[in-house]
Amino acid sequence: MDFLFSYIVLAEIYVLLGLSTNLLVGIVGIFSISQAAVFGVGAYIVAHFLMADLALSFIPSLAIAAAGCVALNVIVTLPSLRVSGDYFVVTSFGIQLLATAVFTNWTAGTGGANGLPGIPPPDVFGLPIETTGQYVLLCSAASALGCLAFWLIMGAPFGRLLRAIREDEIAVAAAGKNVLAAKVSAAALAGAFAGTAGGLYATFLSFIDPSSFDLDASILLLTMVVVGGARTLAGSIVGPFLLLALPQLLTLVDIPTTIAAAARQLLYGLLLIAFMLFRPQGLAGERL
Amino acid sequence: MLPLQLLVNGLVTGCALGVVAISFSLVYATTKIFHVAHAGVYTLAGYLAWSLSTHGVPSVLALLLAMAACTALGALIQTQLYARLERRHATHLVVLIASLGALAVMQNIIAAVYTPNILQFAVPWSSRMVAAGSIRLNYTQMLTIVLSLAAYAGTMLFAHRTILGKRIRAVAANPFLAEITRLEPRTVYVYVIAIASALVCLPGVLVPLDLGLQPYNGVTPLLTATIAMIAGGVGSISGAFVLSVAIAVVQNLSLLVIPGEWSIGVTFFIFVIFMLFRPTGLFAAR
Amino acid sequence: MTAYLQVDGLDHSFGGLRALNECSFTIEQGRITCLVGPNGAGKTTIFNVITGFLRPDEGSVTFRGRKLDGLRPQAIVHQGIARTFQNLRLFADLTALDNVLVGIAGQFGEEPLGAIFRPLHTARAQARRKQQALRTLEHVGLAARAADLVRNLSYGEQKLLTIARVLATGAELLLLDEPASGLSAGALDAVMALLRRLQADGKTLLVVEHNTRVVQQIADEVLFLHQGHLMAQGAPERIVSDPALAEIYFGGAI
């Protein structure tokens with residue numbers, strides 16, 4: 001039972017990441033390969049504040065992490081999107097590789113390659129969250145709020161504006177709207193989702209290390225959105241739940257542990273190619 | 001390490017990087033596709049040469065065979081993946097994601113077959129040292145400089161003097177016009193990726209010959225190469241090569257003050273400067 | 001007295017091609033001015049310069065005494081100038097109503113914080129804006145098609161929708177790029193009637209048009225452009241009947 005709860009908790013954390021990635025890649029149409037980096041920043045920030053000498057409790061730490069990730073996304077997207085989409089591709093790769101370098105080498109801040117152990121469990125306004133069952137409740141609430149926010153946005157004028165931008169930016173500018181500001185706002189929101197997911201992840205595992213936030217992790221996030229489906233709430237939920245179940249299915253096939261990780265990443269790559277060629281709308285989304 | 005030695009090391013790395021940048025730039029300027037899978041071809045080249053070499057195939061032949069294989073692979077990616085996506089009117093984003101998928105497939109097949117550990121070439125002459133004053137270089141490094149410069153010169157000659165080269169430049173300059181004249185852009189795309197894949201074999205083999213093979217080592221050089229391409233001005237072969245050398249030299253010299261793990265930061269910092277102050281690059285082609 | 005819209009000495013080249021050559025003219029408020037000239041004369045280039053999509057090599061544009069140099073396209077819309085496109089550029093997968101709504105300025109909920117934290121207010125504000133958009137669609141004669149996707153509208157209806165979208169911005173100077181081209185006789189009459197209605201509403205129109213019948217019927221003044229330069233300016237009958245201009249327009253080599 002605990003195993004099932006663990007799967008649900010992780011899937012729900014990845015739903016938040018799925019919403020974040022979907023906002024950037026699916027809705028605004030920006031190719032982001034640095035989602036895991038932002039996820040990691042959120043995780044490390046929460047871990048830091050929970051374990052600092054003057055420790056903060058969970059919710060304030062989460063707020064700081066979300067704010068930090070918002071700022072990070074704005075700083076990254078604002079100058080690069082002003083130039084072009086391909087510029088952002090390079091920036092995104094750069095941020096991801098840079099983040100991995102920081103996570104792995106800034107031992108003072110992130111524990112370096114050995115990671116940060118002993119992250120305390122969270123508490124919600126004094127109520128401690130310790131059992132896996134309680135975690136399920138916490139993450140269900142968080143992901144539900146995330147889904148609600150996503151749904152509200154897509155139904156609001158902001159959602160319509162983003163859809164119009166994806167179709168024809170020039171026409172949107174000619175209609176008097178600030179395209180760059182809209183894209184950066186979407187990216188900022190994506191940052192908030194990713195940072196929150198990072199905080200939940202750090203406290204759930206109570207140990208984080210750089211390998212969870214590297215380029216391969218970003219590829220997994222992209223695969224979730226591609227398989228689940230772009231631009232829809234359903235796609236953001238289906239993708240994570242399905243992709244997180246895949247490794248379990250893989251264990252049914254006899255793959256030596258030395259190449260298990262490579263086998264997973266190979267599968268993600270194949271899924272990306274297959275879906276782009278044959279089903280760009282994913283299982284439950286709209287055409288990318 | 002002496003600054004001069006660092007400078008020379010930077011020149012070596014920069015020359016290799018320059019060929020990566022030129023080959024990537026050829027594809028990008030012509031097809032407008034951000035061909036991240038290029039990093040996979042680069043990686044595969046080294047492993048193929050290593051396999052051949054450890055099975056007794058002489059070095060030059062191993063390199064040529066690896067080139068042939070990579071050329072075929074590049075053409076395959078263009079015809080089976082990119083061309084198909086173009087026929088379905090795929091967006092730029094879709095092609096990028098597919099290219100990333102191809103990269104992941106290539107890297108991880110390599111990791112599964114060869115393990116993720118570092119592999120070394122067993123080619124004795126490659127590590128023989130030569131000293132010139134206080135500077136020391138091994139044969140591989142010298143070969144890298146010579147062959148990379150030759151590749152650069154060859155590419156320039158090809159682009160400006162041969163018919164195919166001019167055809168490629170015409171398609172790159174105006175794909176729409178190329179469509180309605182008889183330049184057949186789609187065929188040109190296959191040629192371009194084939195040539196680029198063959199070119200990138202050179203650093204793909206030479207760099208691991210010196211530093212060892214690792215399945216995931218292709219992304220960072222590719223990223224640096226794209227930054228050099230952008231900073232040099234998209235469409236400028238010379239710009240891409242020169243900026244690659246410049247960036248590699250700056251990166252190496254920075255080792256005097258910054259630990260090696262942060263080199264990516266130096267490269268990225270250079271990129272940010274260009275992005276903020278001169279996004280079109282130094283020698284943007286007209 | 002400063003002119004309503006003043007274009008001064010515009011020069012622009014694309015590579016080796018001179019698109020605009022010392023182009024200067026003024027537009028008076030409340031009039032329908034038609035911009036005519038052979039293909040390549042620079043008409044769309046002028047639109048792009050006025051609306052901020054292109055920064056000219058030389059020259060400036062002044063609107064109601066305020067220089068527009070260097071302003072971005074969305075800022076120029078806020079100044080009161082909006083344009084349509086020759087190739088429509090509508091949002092094909094959105095409804096007609098949504099296309100108009102995108103143009104309405106100052107709506108609540110067009111950024112994430114308001115949408116998330118004040119959903120009820122957003123919904124109420126949207127209901128009012130939808131009424132506003134519907135009225136705009138009525139004004140151009142498209143109210144019946146409000147809920148239809150743009151890809152399902154006829155060409156004539158799509159052209160009317162482009163005008164509805166610029167109307168939604170509230171701009172007082174409308175730059176219309178070939179609003180009547182490619183239309184059947186009935187749709188053509190509808191567009192011309194609409195343009196006259198807009199003038200009666202107090203809008204000023206600058207219209208690029210190839211159809212001489214349209215020009216003669218609606219224009220108060222005609223600007224004849226050739227090779228990026230203003231060749232002639234005057235009443236439509238005079239311009240249309242000038243043999244030298246006709247030679248340039250129909251027979252002359254460019």
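The model is predicted. Chain B has 11 helices and two strands. The largest nonpolar core has 283 residues.

**Chain B: overall fold**

- Along the sequence, the elements of chain B come in the order α-α-α-α-β-β-α-α-α-α-α-α-α.
- Chain B has a radius of gyration of 19 Å, close to the 19 Å that the globule rule gives for 286 residues, so chain B is as compact as a globular protein of that length.
- Taken along the principal axes, the box filled by the C-alpha atoms of chain B is roughly 60 × 45 × 35 Å.
- Buried residues make up 51% of the 286 residues of chain B.
- Of the contacts in chain B between residues at least 6 apart in sequence, 78% join residues at least 24 apart.

**Chain B: the strand pair**

- Strand β1 (residues 129-132) and strand β2 (residues 135-138) of chain B run antiparallel and are joined by four bridges.
- Within this pair, B:Ala132 is opposite B:Ile135, which belongs to β2(B).
- The hairpin of β1(B) and β2(B) has two residues between the strands, and B:Gly133 takes a positive phi near 70 degrees there.

**Chain C: two domains**

- Chain C is assigned domain 1 (1-80 + 171-254) and domain 2 (96-168).
- The C-alpha centres of domain 1 and domain 2 of chain C are 27 Å apart.
- In the contact between these domains, 11 residues come from domain 1 of chain C and eight residues from domain 2 of chain C.
- On the side of domain 1 of chain C that touches domain 2 of chain C, the elements giving two or more residues are β7 (173-177) and α7 (185-200) of chain C.
- α7(C) gives the most to that side of domain 1, with four residues.
- By class, that side of domain 1 of chain C has nine nonpolar, two polar and no charged residues.

**Contact between chains A and B**

- Chain A gives 35 residues to this contact and chain B gives 37 residues.
- On the side of chain A that touches chain B, at least two residues each come from α3 (58-83), α4 (85-105), α10 (215-228) and α12 (260-278) of chain A.

**Contact between chains A and C**

- This contact takes 23 residues from chain A and 29 residues from chain C.
- On the side of chain A that touches chain C, two or more residues come from each of α6 (132-155), α7 (157-167), α8 (169-174) and α9 of chain A.
- α7(A) supplies the largest share of that side, seven residues.
- By class, the side of chain A that touches chain C has 15 nonpolar, three polar and five charged residues.

**The largest nonpolar core**

- In this core of 283 residues, A:Leu272 and B:Ala45 have the most contacts inside the core.
- Helix α9 (residues 179-205) of chain A gives the core its largest share, 16 residues.
- The core lies between domain 1 (1-80 + 171-254) and domain 2 (96-168) of chain C, because both domains give residues to the core.
- Apart from neighbours within four places in sequence, B:Ala45 is in contact with B:Ala66, B:Cys70, B:Val200, B:Cys201, B:Gly204 and B:Val205.

Terms used
Residues numbered from 1 in each chain as written. Chains lettered and ligands numbered in written order. Predicted model: local features only at pLDDT ≥ 70, side-chain atom pairs only at ≥ 80, totals over all residues. Rg over C-alpha atoms; globule rule 2.2 N^0.38 Å. Buried ≥ 20, exposed ≤ 12 C-beta atoms within 10 Å, placed from the backbone. Contact = placed C-beta atoms within 7 Å. Domains from an automatic or database assignment. Nonpolar A, V, L, I, M, F, W, Y, C, P; charged D, E, K, R; others polar. Pairing = 2+ DSSP bridges. Core = buried A, V, L, I, M, F, W, Y, C linked by C-beta atoms within 7 Å.
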